Amino acid sequence: QVQLVESGGGLVQAGGSLRLSCAASGRTISGYDMGWFRQAPGNEREFVASINWSGGRTYYIDSVKGRFTISRDNAKNTVYLQMNSLKPEDTAVYYCNYLVGSTTTPRSGYWGQGTQVTVSS
């Protein structure tokens, strides 16, 4: 059974930083593109960033470019999201997931519990 466990969230002031981790079990992340998503209260879950299977290619939505960095450690079966210069609009529950091929589409049925990020102004 595939399990994704996100951690590293918390309460931070605007301009601060957090590093999120996503530990996978039950399936290797090697060979799969991985992504981070977030869901703010009252909003749909949205794609934030992706990294290809080798770590050689990353992609970000415009609102986080230059502030967030996605990375992976295949040996640890873990994906990371370094978030700098945080803004109140980054407040959300953050999730990671396997992606379908090289798209930004998450694989269904693999969602973890997420980690809450709250940025105060």
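Predicted model: local features only at pLDDT ≥ 70, side-chain atom pairs only at ≥ 80, totals over all residues.
Colleague: How do strands of a sheet pair?

Modeller: Strands of a sheet pair through backbone hydrogen bonds, in a parallel or an antiparallel arrangement. Strands here are DSSP runs (E, at least two residues; helices are H or I, at least four), numbered from the N terminus. Two strands count as paired if DSSP finds at least two bridges between them.

Colleague: How many bridges join strand 1 to strand 3?

Modeller: Five, and the two strands run antiparallel. Glu6, for example, has Cys22 in strand 3 as its bridge partner.

Colleague: Which strands pair with strand 5?

Modeller: Strand 4 (residues 34-39) pairs with strand 5 in the antiparallel sense over five bridges. Within that pairing, Arg38 stands opposite Glu46 of strand 5. Six residues lie between strand 4 and strand 5 in their hairpin, and Gly42 in the turn has a positive phi of about 80°. Strand 6 (residues 58-60) also pairs with strand 5 in the antiparallel sense, over three bridges. There Ser50 has Tyr59 in strand 6 as its bridge partner. The hairpin of strand 5 and strand 6 again has six residues between the strands, and Gly55 takes a positive phi near 85°.

Colleague: Is strand 5 largely enclosed or exposed?

Modeller: Buried means under 20% relative accessible area, exposed means over 50%, and partly exposed is in between (1.4 Å probe, protein chains only). Five of the six residues of strand 5 (residues 46-51) are buried, so the strand is largely enclosed by the rest of the structure. Ser50 lies in this strand and counts as buried at 11% relative accessibility. Contact means heavy atoms within 4.5 Å. Apart from residues up to four places away in sequence, Ser50 touches Met34, Gly35, Arg57, Thr58, Tyr59, Ile70 and Leu99.

Colleague: How many residues does the largest nonpolar core have?

Modeller: A nonpolar core is a set of buried Ala, Val, Leu, Ile, Met, Phe, Trp, Tyr and Cys residues joined through side-chain atoms within 4.5 Å. The largest one has 32 residues, and those with the most contacts inside it include Trp36, Phe68, Leu81 and Tyr94. Among the strands that each supply at least two residues of this core are strand 3 (18-25), strand 8 (78-83) and strand 9 (92-98). Tyr94 touches Trp36, Phe68, Leu81 and Thr115, among others, not counting residues up to four places away in sequence.

Colleague: Where does Thr115 lie?

Modeller: Thr115 lies in strand 10 and is buried, at 9% relative accessibility. Its side chain reaches the backbone nitrogen of Gly9 at 3.0 Å.

Colleague: What describes a pair of aromatic rings?

Modeller: The distance of the centres and the angle of the planes describe such a pair. Rings of Phe, Tyr and Trp (its six-membered ring) pair if their centres lie within 6.5 Å; planes under 30 degrees apart are stacked, over 60 edge-to-face, and the rest tilted. A search of the whole structure finds six aromatic pairs. In one of them, the rings of Tyr32 and Tyr98 have centres 5.3 Å apart and planes at 85°, so the pair is edge-to-face. Tyr32 is in the loop between strand 3 and strand 4 and Tyr98 is in strand 9, 66 residues apart. Tyr32 is partly exposed at 23%, whereas Tyr98 is buried at 0%.

Technical notes. Residues numbered from 1 in each chain as written. Heavy atoms only, no water. Polar contact = N/O pair within 3.5 Å; in protein donor to acceptor, adjacent residues only side chain to side chain.
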